[in-house]
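Hi everyone, thanks for making time this morning. Let me put the structure up on the screen, and then we can walk through it together.

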Protein chains: 2
Amino acid sequence: MNESFKALSDPTRRQIIKLLRERDLTAGEIAEQFSMTKPSISHHLNSLKSAGLVLDERRGQHIVYSLNTTVVQEVVGWFLEVLGTDDEKKGDVSR
Amino acid sequence: MNESFKALSDPTRRQIIKLLRERDLTAGEIAEQFSMTKPSISHHLNSLKSAGLVLDERRGQHIVYSLNTTVVQEVVGWFLEVLGTDDEKKGDVSR
DNA sequence: TAGACATTTAGAGAATCATCTAAATCGATC
DNA sequence: GATCGATTTAGATGATTCTCTAAATGTCTA
């Protein structure tokens with residue numbers, strides 16, 4: 001969970017996640033979108049991957065990245081917990 | 001928005017947010033909860049404050065911190081945008 | 001298997017960050 | 001107004017992070 005938040009703390013990585021929401025993309029296609037070297041993007045992709053936020057799959061010469069919605073959901077869960085819901089008031093787990 | 005994510009990338013700061021969900025707390029009360037010096041906690045509080053995630057108010061000798069739910073909501077908004085909703089499919093803004 | 005392309009790994013440098021101790025500020029009380 | 005308690009500010013240090021260039025790896029095709 002901590003790794004997820006760390007991964008999300010960088011604007012480039014958040015942008016990558018937004019791109020992957022549209023469709024799966026190869027590492028090269030992702031790199032094209034940024035004014036940064038490919039190794040740097042590769043580093044960011046690795047950070048997202050080890051946080052479990054994205055998945056990768058080799059497809060021949062290319063490596064295709066996709067969003068792991070499950071893990072993103074978990075992070076949203078943290079926020080919902082912090083914000084509380086209608087069923088569960090601040091810290092009150094009695095009901 | 002970037003500052004919010006940066007602020008949330010630290011476990012101590014996320015824990016502070018969770019504590020403030022229970023009730024408003026003074027800087028000292030917050031510091032008590034951690035095995036870290038008060039100046040360090042003060043630094044974290046400042047980080048949360050300048051990200052807009054918490055609010056502070058001087059009450060006599062003490063300074064009371066509280067959660068700024070509005071800004072936390074904004075961060076949740078980012079996630080909902082990434083995850084999509086039932087009304088709005090991946091990148092499809094046509095409907 | 002040689003060459004070309006896609007991607008990652010390695011290593012380095014500059015910047016940012018978390019934490020500490022020591023000192024300063026701010027408000028209350030005697 | 002001198003002192004006490006609560007909190008922050010300043011300054012320093014070690015660790016982590018972002019980015020780069022250069023080199024390595026993996027895969028396809030001729």
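Predicted model: local features only at pLDDT ≥ 70, side-chain atom pairs only at ≥ 80, totals over all residues.

So, let's begin with the symmetry: a rotation of 180° with 0.0 Å of shift along its axis puts chain A onto chain B, with an RMSD of 0.0 Å. The two copies are thus related as by a two-fold rotation axis.

Residues are numbered from 1 along each chain as its sequence is written, while chains are lettered from A and ligands numbered from 1 in the order in which they are written.

Now chain A by itself. Chain A has five helices and three strands, and along the sequence they run α-α-β-α-α-β-β-α. Those are DSSP runs numbered from the N terminus, with helices being H or I of at least four residues and strands being E of at least two. Of its 95 residues, 24% count as buried, where buried asks for 20 or more other C-beta atoms within 10 Å of a residue's own, exposed is 12 or fewer, partly exposed is in between, and the C-beta atoms are placed from the backbone. If you take the contacts in chain A between residues at least 6 apart in sequence, 52% join residues at least 24 apart. Contact here has its own cut-off: C-beta atoms, placed from the backbone, within 7 Å.

Is Val54(A) buried or exposed? Val54(A) has 25 C-beta neighbours inside 10 Å, so it counts as buried. Setting aside neighbours within four places in sequence, the contacts of Val54(A) include Leu20(A), Leu45(A), Leu48(A) and Tyr65(A). As for Leu80(A), that residue is 26 residues from Val54(A) in sequence and 22 Å away in space, C-alpha to C-alpha.

Next, how do the helices pack? In chain A, α2(A) and α4(A) pack at an angle of about 75°, with their axes 10 Å apart. The axes are lines fitted to C-alpha atoms, for helices over the stretch in contact, and angles run from 0 to 180 degrees between N-to-C directions. α2(A) and α4(A) are therefore roughly perpendicular to each other; that label covers 65 to 115 degrees, with under 35 being roughly parallel, over 145 roughly antiparallel and the rest oblique. On the α2(A) side you have Thr12(A), Arg13(A) and Ile16(A), meeting His44(A), Ser47(A) and Leu48(A) in α4(A). By class, that makes two nonpolar, three polar and one charged. For classes, Ala, Val, Leu, Ile, Met, Phe, Trp, Tyr, Cys and Pro count as nonpolar, Asp, Glu, Lys and Arg as charged, and the others, Gly among them, as polar.

On to where the two chains meet. The contact takes 21 residues from chain A and 21 residues from chain B. On the chain A side, α1 (2–8), α2 (11–22) and α5 (69–83) each supply at least two residues, and α5(A) has the largest share, eight residues. That side holds ten nonpolar, six polar and five charged residues. Because 100% of the interface residues of chain A are also interface residues in chain B, the copies meet through the same surface.

Finally, the DNA. Which residues are closest to DNA strand C? Of the 23 residues that surround DNA strand C, the closest are Thr26(A), Gly28(A), Pro39(A), Ser42(A) and Gly60(B); to be near, a residue needs its C-beta atom, placed from the backbone, within 6 Å of the strand. α4(A) gives the most to this surface, with five residues, and the classes come to six nonpolar, 13 polar and four charged.

DNA strand D is surrounded by 22 residues, the closest being Gly60(A), Thr26(B), Gly28(B), Pro39(B) and Ser42(B).

Methods. Contact = placed C-beta atoms within 7 Å. Least-squares fit on C-alpha atoms with pLDDT ≥ 70 in both.
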